[in-house]
Amino acid sequence: MTTTASPAAGSWLRDPVLRLLVAGALLNSIAFFATLPFLTLYLSDISTLSPAAIGAVVGAVALIAAVGGLLGGVLTDRFGAVHLIRAGLALYIVLYVLLTVTDRVTLVIPLILLLGVGRLLVEPSMKKLLSLAAAGTGSAVFRIRYVTLCLGAIIGPLIGAGLYTVAREALFVLPALVFTGYLVFFSVHAPRLRRLDAPTDAADGPGGWSAALRDRTLLLVVAGGFVVFFVFSQFESILPLFVKEQRGAAAVGWFSVLLAANAALGILFQFPVERLSRRWSPRTMAAIGVCGFAVALPLFGLLTVSPLFLFAGVVAWTVGEAVLLPLPDVLIHEHVPPARAGASFGLAELRYVGFFLGPVVGGALLSHSSVAWFGVLAVVVLAAWPPLAAASRHIRAGKAS
């Protein structure tokens with residue numbers, strides 16, 4: 001195991017720019033999780049679309065952001081992250097306001113799809129600013145960002161459920177208000193943030209898409225991240241179906257407890273994971289994460305024996321999640337120069353295609369048998385380790401040379 005020097009996780013707290021960006025990430029997460037989990041219910045209420053069509057519409061939000069991420073990243077490098085984030089936030093506000101005032105399906109569907117465009121503008125740009133601001137303070141900020149996702153996953157659905165019971169249109173009010181406040185907050189601090197990020201006029205140069213596509217180390221990170229998200233998508237999509245097979249109508253109660261436990265453990269585990277990441281190499285951390293997922297899947301299958309195995313599986317799963325979900329961004333942060341950070345983080349959004357395809361394959365496997373589902377995926381997740389380990393090795397070799 002390789003020991004690497006890195007400042008303490010708490011060092012980001014002393015940096016006002018990092019505090020600003022982490023606060024923005026938290027607001028973004030709350031707004032996201034207050035809306036997206038309920039979009040399928042909303043479309044079901046206002047339309048006669050089939051469940052498959054509804055799933056395709058909602059899933060396309062992530063797919064558009066993933067496929068268009070490289071474009072968003074290149075635009076970030078050319079025009080500056082601050083401009084792209086402000087444009088993305090403004091687009092979010094317009095879309096959510098329009099969703100509050102119309103329930104015509106022919107308008108609602110394109111408005112929902114355009115949320116993916118907002119995401120491709122905001123996500124690569126935000127990650128680039130985090131990477132630039134975290135220079136010299138280690139990569140802990142990307143693990144802190146994961147904590148904001150966990151907090152958003154706890155707080156957001158509670159708010160969204162409350163709003164949806166009041167009126168279904170109210171579901172879009174909170175994001176509109178949050179993103180308006182976020183845009184004002186961000187604009188006030190824009191001069192400070194712009195000092196971090198000098199735009200590069202190089203659409204096809206060192207900061208452009210061609211350099212990102214030729215970067216073998218970056219492509220290895222994307223490949224490993226794709227496998228991670230392919231398997232990670234099973235928790236919120238296919239595991240509930242398996243629990244329903246075994247527990248019937250009680251599945252909703254069971255799974256709500258599992259989600260809460262997963263989010264709480266995700267926050268709790270990040271702190272020991274960050275400490276270990278300062279002592280152990282990313283290769284070793286990736287191995288721990290892959291093993292966590294691989295162990296969790298058969299434990300889920302043992303729900304047929306006892307519910308205790310289900311909760312043991314959640315613990316192992318969350319270990320894997322806490323390690324692997326931030327790891328691709330950590331590796332990119334350590335690898336790419338600032339001039340092409342936007343394009344690199346944008347290309348890395350392609351890993352979310354795995355989040356789109358995972359439920360399709362997982363559902364087909366579960367339809368065949370539960371043993372096929374957890375057995376095949378426990379093997380598939382092992383394929384994430386070789387590319388992540390190779391990327392880590394290349395990054396270490398580059399730093400040593």
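The legends below describe close-up views of salt bridges and a nonpolar surface patch in a predicted model. In this model, local features need pLDDT of at least 70 and side-chain atom pairs count only at pLDDT 80 or more, while totals for chains, interfaces and linings use all residues. Residues are numbered from 1 along each chain as its sequence is written, and side-chain values use heavy atoms, with hydrogens and water left out.

**View 1. A salt bridge between Lys128 and Asp77**. A salt bridge is a side-chain nitrogen of Lys or Arg within 4 Å of a carboxyl oxygen of Asp or Glu. For Lys128 and Asp77, the closest N and O atoms are 2.7 Å apart. Lys128 belongs to helix α6 (residues 105-133) and Asp77 to helix α4 (residues 69-79), so the pair ties together parts that are 51 residues apart in sequence. Helices (H or I, at least four residues) and strands (E, at least two) are DSSP runs, numbered from the N terminus. Both Lys128 and Asp77 are buried; buried means under 20% relative accessible area, exposed over 50%, and partly exposed in between (1.4 Å probe, protein chains only).

**View 2. A salt bridge between Arg168 and Asp103**. The N to O distance here is 3.7 Å. Arg168 sits in the loop between α7 and α8 (173-188) and Asp103 in the loop between α5 (81-101) and α6, so this pair ties together parts that are 65 residues apart in sequence. Arg168 counts as partly exposed because its relative accessibility is 30%. Asp103 is also partly exposed, with a relative accessible area of 35%.

View 3. Glu274 is buried, at 4% relative accessible area, whereas Arg278 is partly exposed, at 21%.

**View 4. A network of salt bridges**. Lys127, Asp329, Glu349 and Arg351 are linked in this network. A search of the whole structure finds nine salt bridges.

**View 5. A nonpolar patch on the surface**. Leu151, Ile154, Ile155, Leu158 and Ile159 form the patch, with about 380 Å² of accessible area together (Shrake-Rupley method, 1.4 Å probe; for residues, only the protein chains shown count as cover). Patches are made of residues with over 30% relative accessible area and no salt bridge; like charges are joined within 9 Å, and nonpolar side chains (Val, Leu, Ile, Met, Phe, Trp, Tyr) within 5 Å. Ile155 is placed in helix α7 (residues 140-166). With 35% relative accessibility, Ile155 counts as partly exposed.
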